[in-house]
Amino acid sequence: MGNIKFLSDSGWKDIASKNKVKDNGLLKALADHKRLDSEQHDDVLASLDQILKLAAPLKKSKETAAAPAVANFLAELSSAADTALRDAAKAKAEAEKKSKAE
């Protein structure tokens, strides 16, 4: 389900605290996402969407512009979330197709 390193609450917590970036709820969203079962397709999709929505304003903030490590982490996080979102959508479609066949 995406790159675990970047879709990790501990990774974001470390980088945010080291660079004194105020969290906007991304930490909680990442923690909640980590607890989801990959078979809960709708919940996984909603969680990834929320992560992307919270990461976007952080990428544009002045705090992030002053901290290249944060900007890089958020770029990687967004990329990992996009990939995981596509994978989850594909898995959901396959599961729905399989359940219709049964």
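**First stop: helices α3 and α5**

Select α3 and α5, which are therefore roughly antiparallel to each other (an angle over 145 degrees; under 35 counts as roughly parallel, 65 to 115 as roughly perpendicular and the rest as oblique). Helix α3 covers residues 41-60 and helix α5 residues 68-101; their axes come within 9 Å and cross at roughly 160°. By class, their contact has 17 nonpolar, 2 polar and 5 charged residues. Here Ala, Val, Leu, Ile, Met, Phe, Trp, Tyr, Cys and Pro count as nonpolar, Asp, Glu, Lys and Arg as charged, and the others, Gly among them, as polar. Axes are lines fitted to C-alpha atoms, for helices over the stretch in contact, and angles run from 0 to 180 degrees between N-to-C directions.

This is a predicted model: local features need pLDDT of at least 70, side-chain atom pairs count only at pLDDT 80 or more, and totals for chains, interfaces and linings use all residues. Residues are numbered from 1 along each chain as its sequence is written, and side-chain values use heavy atoms, with hydrogens and water left out.

**Whole chain**

Zoom out. The chain has 5 helices and 0 strands, in the pattern α-α-α-α-α along the sequence. Helices (H or I, at least four residues) and strands (E, at least two) are DSSP runs, numbered from the N terminus. The C-alpha trace spans about 55 × 20 × 20 Å along its principal axes. Of the 102 residues, 35% count as buried (under 20% relative accessible area; exposed is over 50%, partly exposed in between, with a 1.4 Å probe and protein chains only). Among contacts (heavy atoms within 4.5 Å) with a separation of 6 or more, 66% join residues 24 or more positions apart.

Now select helix α2, residues 26-35. Which of its residues are buried? They are Leu26, Ala29, Leu30, Ala31 and His33. Their cover includes α1, α3 and α5.

The axes of α1 and α2 lie 8 Å apart at an angle of about 160°, and that makes α1 roughly antiparallel to α2. From α1, Asp9, Trp12 and Lys13 meet Leu26, Leu27, Leu30, Ala31 and Lys34 of α2. That contact divides into 5 nonpolar, no polar and 3 charged residues.

The axes of α2 and α3 are 9 Å apart, at an angle of about 155°. On the α2 side, Leu26, Ala29, Leu30 and His33 take part, and they meet α3 residues including Val44, Leu48, Ile51 and Leu58. The contact of α2 with α3 has 9 nonpolar, 3 polar and no charged residues.

**Asp9**

Select Asp9, in helix α1 (residues 9-18). Is Asp9 buried or exposed? Asp9 counts as buried because its relative accessible area is 15%. Its side chain makes a polar contact with the side chain of Lys34 at 2.8 Å. A polar contact is a pair of N or O atoms within 3.5 Å; within protein, one must be able to donate a hydrogen and the other to accept it, and residues adjacent in sequence count only if both atoms are side-chain atoms. Beyond four places in sequence, Asp9 also touches Leu27, Leu30 and Ala31.

**Last stop: Phe73**

Select Phe73 in helix α5. Phe73 is buried, at 7% relative accessibility. Setting aside residues up to four places away in sequence, Phe73 touches Lys5, Phe6, Gly11, Trp12 and Ile15. Finish by drawing a line from the C-alpha of Phe73 to that of Glu96, 23 residues apart along the chain: the separation is 34 Å.
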